[in-house]
Amino acid sequence: MKTEELWKQYEEQRFKISAYHLVLGTTFYDSDTIAPEKGRQYRNERMAYLEGEVFDMETDPKFIELRETLYNREDLPEQKKQILKWELKDLESFRYIPKDLYVEYNELTMNSNVAWKKAKNANDYKMFEPYLLKIIDLSKKMLQYRKGDLQGYDVYLSDYEPGMTVEKYDRFFDLIREKLVPLIKKISAAPQIDTSFTNRFYPADQQRKMMKKIMDYMQFDWEAGVLGETEHPFTSSLSKYDDRVTTHYYENNLLSSIFSVIHETGHATYNYQVADELAETYVFDNMSSGMHESQSRLMENYLGRNSAFWDNLYPEMVKLFPQQLSDISQQQFVDAANASVCSLIRTEADELTYPLHILIRYEIEKGIFDGSIDVNDLENIWNDKYEEYLGIRPTCASEGILQDVHWSGGSFGYFPTYALGSGYAAQFIHAMRKDLDIEACLSNNEFGKIKEWLKEHIHKYGGYYLPQQQIKIATGEEFDPQYYIDYLTEKYSALYKL
Ligand code: ZN
């Protein structure tokens, strides 16, 4: 059969699978935002069934053969070959897992998510522990069905960030430990920045209006996206023109929703700006987690915490909160948004202490998989590490080991990409500065110029390139974490007048 005809067959099957993904993605979004709690079990069972259907289609021997045949055709255009390459690579992560185990694992993670929420509300790790131990057990079991050169934790690290291994992450985190821990100690001893006004009462309705203004400023396309509400903010791009951003409003915390929304808009913008020719292909949404996180953190920290970002927005915010903010200058607000304080909650952590929260999770995950830590003692290990690196010890599980959703979903290997993404972002900003006066763009209400730069250098490619290649294309250099360390050191030394 002609290559073109085979490709048509391939596209038909891909279309079918994408229809299932759309249904699953929409149900997931619905489930996490507005669906009633009592219907959860019914939904979860059916979603697990559909996941099984997708699994069957993806691993159908005929479909695997079709893709392998196509991949080896000499007359297949390079771009199509590359797309198939990623697809076949991802297939490796589950193709040899028995379906029963795959469905069991998916159902376990959905139920674990429910158990995690209950345990967190009850502030009782023991309620979640049996689920976590089972997830660890199955995650290790599934490693037996993986082929390839990588072993243990490296397999999962590389699933989220192709090319990354314990050895490479160790080097990255060694640098963080060595350079940032002493800086954080100095800052703890310096005069602190006043952030108390951010905990005044900020009604959710007024906050909703503010989020609209922020997303307008970032030129979010409201005809191709929505902003919903959830417990834990996330973004899901169901297609290029269907980007679902979510946030959570805390009426005694001004900063939380603002920076969640800027962060999530960064994720949505990445998918929205993928080139049309790739938007309905496999690489639309297969960017590595580190790459995706680099784009959300670039917006959240490197742009959103820049004073120039607020030149237009801060006066608007004072209009929305006249009683709460009329005595606070833009500079005071921006300083508070950048203040560094050792705290217990990762998602509320400042830019400087953030990578240490990740370092802690990385060390624990590494220990789980190499067997160097006792999985029956995880809560204590967690608390000890917080004391060691951040100088504070969690006194309850909801502010300790139960704070994050990730392990309930079995997402081992995901956390490290958060810190890595911040590192990538520093290098992207450094490159962007060669072409753009970033502060002028922000101050002159020209966010579109920044978006355009990101589109041309990064976004339009989707997940077509490996992160290491993508960084080189965008910046002309290999990834160098020194940009990240330099950025944090300069910024925080100035802010705290060290
Ligand atoms: Zn993110």
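Student: Which residues are the protein donors of the zinc ion?
Tutor: This is a predicted model, where local features need pLDDT of at least 70 and side-chain atom pairs count only at pLDDT 80 or more, while totals for chains, interfaces and linings use all residues. Residues are numbered from 1 along each chain as its sequence is written, and side-chain values use heavy atoms, with hydrogens and water left out. Donors are N, O and S atoms within 2.8 Å of the metal (3.2 Å for Na, K and Ca), and sites may look incomplete because water is not among the atoms. Lying 2.1 to 2.7 Å from the zinc ion, the protein donors are His263 (NE2), His267 (NE2), Glu293 (OE) and Glu293 (OE).

Student: What spacing do the donors of the zinc ion follow along the chain?
Tutor: His267 is in helix H10 (residues 254-272) and Glu293 in helix H12 (residues 289-303). Helices (H or I, at least four residues) and strands (E, at least two) are DSSP runs, numbered from the N terminus. This pair links distant parts of the chain, 26 residues apart. Along the chain, the donors have the spacing H-x3-H-x25-E.

Student: Why is the arrangement of the four donor atoms irregular?
Tutor: Four donors count as tetrahedral if all angles lie between 85 and 135 degrees; four count as square planar and six as octahedral if opposite donors are over 155 degrees apart and all others between 65 and 115; anything else is irregular. The arrangement is irregular because the four donor atoms around the zinc ion subtend angles of 49 to 122 degrees.

Student: Is Glu293 buried or exposed?
Tutor: Buried means under 20% relative accessible area, exposed over 50%, and partly exposed in between (1.4 Å probe, protein chains only). His267 has 11%, so His267 is buried. Glu293 has 2% relative accessibility, so Glu293 is buried.

Student: What is the order of the strands in the open sheet?
Tutor: Two strands pair if DSSP finds at least two bridges between them. E1 and strand E2 (235-239) stand at the edges, because each has a single partner strand. The open sheet of three strands has mixed pairing, and its order is E1-E3-E2.

Student: Do E2 and E3 run parallel or antiparallel?
Tutor: Strands of a sheet pair through backbone hydrogen bonds, either parallel or antiparallel. Five bridges join E1 to strand E3 (residues 242-247), and those two run parallel. E2 and E3 form a hairpin with two residues between them. Four bridges join E2 to E3, and they run antiparallel.

Student: What is the volume of the largest cavity?
Tutor: On a 1 Å grid over the protein atoms alone, a cavity is a set of points where a 1.4 Å probe fits but cannot get out; lining residues have an atom within 4 Å of a point. Grid points are joined across faces, edges and corners, and a volume is the space filled by probe spheres set on the points. The structure holds four cavities of 30 Å³ or more. The largest has a volume of about 70 Å³.

Student: Which helix gives the largest share of the lining of the largest cavity?
Tutor: The lining residues include Gln219, Asp243, Ala268, Thr269 and Tyr272. Three residues make up the largest share, and they come from H10.

Student: Is Gln219 buried, partly exposed or exposed?
Tutor: Gln219 sits in the loop between helix H9 (204-217) and strand E1 (225-229). Its phi is near 60 degrees, a positive value in a residue other than glycine. Gln219 has 38% relative accessibility, so Gln219 is partly exposed.

Technical notes. On a 1 Å grid over the protein atoms alone, a cavity is a set of points where a 1.4 Å probe fits but cannot get out, and a pocket is an open set with protein on both sides within 12 Å along at least five of seven lines; lining residues have an atom within 4 Å of a point.
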